[in-house]
Amino acid sequence: MLALQGDFREHVATLAALDLPAFEVRTLEQLDDADGLIIPGGESTTIARLLLAFELREPLRARIASGLPVWGTCAGAILLAKRAPGLDRPTLGVLDITVERNAFGRQLDSFEADLEIAGVEGGPFRGVFIRAPAIVATGPAVEVLARLEDGSIAACRDGALLATTFHPELTNDLRLHALFAAMVEERLDEAQERRVRAEELTA
């Protein structure tokens, strides 16, 4: 759990409800120990600045390039994006999306909406949108998972990268956290298979 700023504690509590281990990441050593990472909602400008101040931006980009599963929620989605007009610090630039910050207005314009999310069974997911961004464009490799009624994208995925413009950690619905946990487990299984094949080749 990237714990530089934002509502990371709520994510940790949600993962605990699923009996999944989680720890806060603020240093390179902690990042190296992570099998997956959630970038929480908060202030995208502040988190972007702190990634630079803590010298985590480039190491995190390298981990993502090597296959680290990462889920960005709200501000976290902005930080994953290749294009986030108006942000005064660089994003991680790893997910081929364009994000419009504060797309729905200020705090008073926050709202909730039922979302049909591809890959998430059990009926609509109640999305909590607080000063939410909107994903307004995606590259060809990005899979759109959910849209709002106005057509703006609320969730998308590209391989091991997941982005949602809302706050799943502010509900009692554990399904998206379970989905991300499954993504992490899938990558761990793939890494184990590669190690086994490599050992067989060198035996």
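A disulfide is a pair of cysteine sulfur atoms within 2.5 Å. With that rule in hand, let's work through some exercises.

The model is predicted: local features need pLDDT of at least 70, side-chain atom pairs count only at pLDDT 80 or more, and totals for chains, interfaces and linings use all residues. Residues are numbered from 1 along each chain as its sequence is written, and side-chain values use heavy atoms, with hydrogens and water left out.

**Exercise 1. Cysteines**

Work out how many disulfides the rule gives.

Step 1. Start from Cys156: the closest cysteine sulfur belongs to Cys74 and is 13 Å away, too far for a bond.

Step 2. Check the surroundings, where buried means under 20% relative accessible area, exposed over 50%, and partly exposed in between (1.4 Å probe, protein chains only). Cys74 is buried at 4%, and Cys156 is buried at 0%.

**Exercise 2. Helix α3 and its partners**

Find which residues of helix α3 are buried and which helices they pack against.

Step 1. Locate α3 at residues 44–53. Helices (H or I, at least four residues) and strands (E, at least two) are DSSP runs, numbered from the N terminus.

Step 2. Pick out the buried residues: Ser44, Thr45, Ile47, Ala48 and Leu51.

Step 3. Look for contacts, meaning heavy atoms within 4.5 Å. The buried residues of α3 pack against α4 (57–65) and α5 (75–80).

Step 4. Look past the helix: α3 is followed by Glu55, with a positive phi near 55°.

**Exercise 3. The largest nonpolar core**

Describe the largest nonpolar core and say which element gives the most to it.

Step 1. Use the rule: a nonpolar core is a set of buried Ala, Val, Leu, Ile, Met, Phe, Trp, Tyr and Cys residues joined through side-chain atoms within 4.5 Å.

Step 2. The largest one has 32 residues, and Leu2 and Leu37 have the most contacts inside it.

Step 3. At least two residues each come from β1 (37–39), α3, α4, α5, β4, β9 (153–158) and β10 (161–164). The top contributor is α5, with five residues.

Step 4. Apart from this core lies another, of 25 residues, including Phe8 and Leu148.

Step 5. Return to Leu37. Setting aside neighbours within four places in sequence, Leu37 is in contact with residues including Met1, Val25, Trp71 and Phe180.

**Exercise 4. Arg126**

Step 1. Arg126 sits in strand β6 (residues 125–129), and at 38% relative accessibility it counts as partly exposed.
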